[in-house]
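Thank you all for coming; I would like to walk you through one structure this morning, and I will take it a region at a time. Please have the sequence and the model open as we go.

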Amino acid sequence: MKTQPAIKNYFFGKAYGDLKNTISESFTRNTDNAKDFFDKADGATLPSFYWGLSIATYVFGTAVFLFCSAFHIVFLSLVTIIIYLCFSFIWLLDAGYRKYQKIFTACPHCYTKSILPVYHCPKCNAKHDQLWAGPYGILQRTCKCGEKLPTTFFNGRKKLTASCPKCDKSIESLETRPIAIPIIGAPSVGKTFFVFSLVWYIKEQFARTKGFVFKFMNSYNENNYNSEISILHRGQYLRKTVENNPIALNFFLTKNKSKSLFFFYDSAGEAFSSTQNLVQHKFYDYFNGLIFIIDPFSIPSVYAKYQSNLSGNTSIKPSITPLEDVYDALIINLEKNYKIKTTERISKPVAIVFSKVDAFDLQNIIGENAAQKILKTEETVKTIEEARREVCKAFLKNNELEALYRKIEWKFGNSQFFAVNSSGKDSIGIDKVANWLLGEIDKSYKNI
Amino acid sequence: MPQLIGYILLIAAYIFVAGVAMSIGAVFGCCIALYNYCCAFFNNVKPEKI
Ligand SMILES: Nc1nc2c(ncn2[C@@H]2O[C@H](COP(=O)(O)OP(=O)(O)O)[C@@H](O)[C@H]2O)c(=O)[nH]1
Ligand SMILES: [Mg+2]
Ligand SMILES: [Zn+2]
Ligand SMILES: [Zn+2]
């Protein structure tokens, strides 16, 4: 354990110094006494009496001294072992609980993953970066300033002020299981529209119908959401995302014992223009699911088809970055920085989402209408999920992107295709993305 | 003969006195050492001051 600004448990710190001092002091006391008696024999009427005392003190005194020291050592070791076992047990309990609940700390600012955040002493603000059971204390420890701090998940540790071990910014995760979902896509594909519509759905419908309590992690997130969603509902444009390294959008979703903290990462699309930019996105190390957004109008042949109509419609804002570039940047980043092999499939759920399907007749080509139609007419298509995949596959195929479809299907072992329109409460298809993705991430979110 | 008995008694008396002296010495030595250990213990074993 690293040095902590706290006082070590007596039996792991001071006890051994005390033992050494006690032993040496008692031995000197014995020899001093013996010498005194020996000196007194000089000129005494009965010198042999003092000699006798001196010898007795030496011989029997040393024997008793040895016995006492041995007893002291054995007793101390015994107590140390017992305390060691106690703190190991509590440490194991605490670590096991976190492991079982999949709890760790993810920084919304610098994305660093840590076991626990750095906790601050409420009295002197000293930083305790390993606030768990150990030589400093079992259930609690005493800070250098004298304040007692809890060291386990069940006696109030998570309520202490916390900060990121890497960037020092504040952590408000309350030791909750993080669920990290990066949103991937080129500039203007509709990531920001999608994220706020998705959060609106989770907050207003998903949580309500399934009995979850929705709560933003802090007022920054709440204000950000409120202002963006009201812009969205007024039908205005959201401001362009400029942050390559976004602060995560965080909220808690709680039901009985299950509590999770969501992290949505909505980076500026420019971040995907080169793998270099993605190096800092450390959340790819621990993400739970991906949302890959595709703007149908970024596909040249689709753009060409609707070109004349698009020029009159300013609200669609077609993305101009080729789809494959974003896909390649993402995969290269995963392979280079997170040791995912070229031949390895990603088993975490990936939602492939076509945006802007409210435009023109897309609803009939890749939207729900098209999927329903295929479900009815095609014998081989059994479920609506398969139907959605089929229409998207056909769409990509008809637009010279079959190779990309194959790559996506192979690389993402657990993927599903969706077509959405993101406009807050009037969105289409967002609910299906949320239900599928959350259900795949944790079965407690599955339809009940 | 009585002389021999006298000697034996004398030796026995010596041994007895020596034994008693030894025992007293032992008890004394032990007590002093125990007292010293206790003093040393209470002088040194204290919880850390803040
Ligand atoms: N019609 C329509 N337009 C959309 C939709 N989503 C996004 N857009 C348009 O695409 C533009 C870019 O969206 P935005 O979310 O800011 O893209 P980002 O750069 O990926 O975050 C917006 O100004 C919207 O006009 C959608 O679902 N339907
Ligand atoms: Mg954006
Ligand atoms: Zn950080
Ligand atoms: Zn303190």
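Before anything else, a word on terms: two strands are said to pair if DSSP finds at least two bridges between them. Please also keep in mind that what you are looking at is a predicted model.

With that definition in hand, strand β4 of chain A, residues 118-120, pairs with β5(A) in the antiparallel sense, and the pairing runs over two bridges. One of the residues involved is A:Tyr119, whose bridge partner in β5(A) is A:His128. These strands belong to an open sheet of four, in the order β5-β4-β8-β9 of chain A, with antiparallel pairing. At its edges lie β5 (127-128) and β9 of chain A, each of which pairs on one side only.

Let me turn to the metal. Which residues hold the zinc ion (ligand 3) as protein donors? They are A:Cys107, A:Cys110, A:Cys164 and A:Cys167, each through its SG atom, at 2.2 to 2.3 Å from the ion. Their spacing along the sequence is C-x2-C-x53-C-x2-C. The site therefore links distant parts of the chain, in that A:Cys110 sits in the loop between β2 (105-106) and β3 (113-114) of chain A, while A:Cys167, 57 residues away, sits in the loop between β8 (162-163) and β9 (170-171) of chain A. Why do we call the arrangement around the zinc ion (ligand 3) tetrahedral? Because the four donor atoms subtend angles of 106 to 113°, and the criterion for four donors is that all angles lie between 85 and 135 degrees.

Is A:Cys110 buried or exposed? A:Cys110 has a relative accessible area of 17% and is buried, because the cut-off for buried is under 20%. A:Cys167, on the other hand, counts as partly exposed, at 25% relative accessibility.

The largest pocket holds about 760 Å³ of space, and of its 33 lining residues the closest to the centre are A:Gly190, A:Phe193, A:Ser315, A:Ile316 and A:Lys356. Helix α3(A) gives the most to this lining, with three residues, and by class the lining has nine nonpolar, 15 polar and nine charged residues.

The second largest pocket holds about 590 Å³ and is lined by 22 residues, with A:Gln101, A:Arg177, A:Lys257, A:Ser258 and A:Lys259 nearest its centre. Here β13(A) gives the most, again with three residues.

Methods. Residues numbered from 1 in each chain as written. Chains lettered and ligands numbered in written order. Predicted model: local features only at pLDDT ≥ 70, side-chain atom pairs only at ≥ 80, totals over all residues. Heavy atoms only, no water. Donors = N, O, S within 2.8 Å, 3.2 Å for Na, K, Ca; no water. Tetrahedral: all angles 85-135°; square planar, octahedral: opposite > 155°, others 65-115°. Buried < 20%, exposed > 50% of the residue type's maximum accessible area, 1.4 Å probe, protein only. 1 Å grid on protein atoms, 1.4 Å probe; cavity = no way out; pocket = protein on both sides within 12 Å on 5 of 7 lines; lining within 4 Å. Points joined across faces, edges and corners; volume = space filled by probe spheres on them. Nonpolar A, V, L, I, M, F, W, Y, C, P; charged D, E, K, R; others polar.
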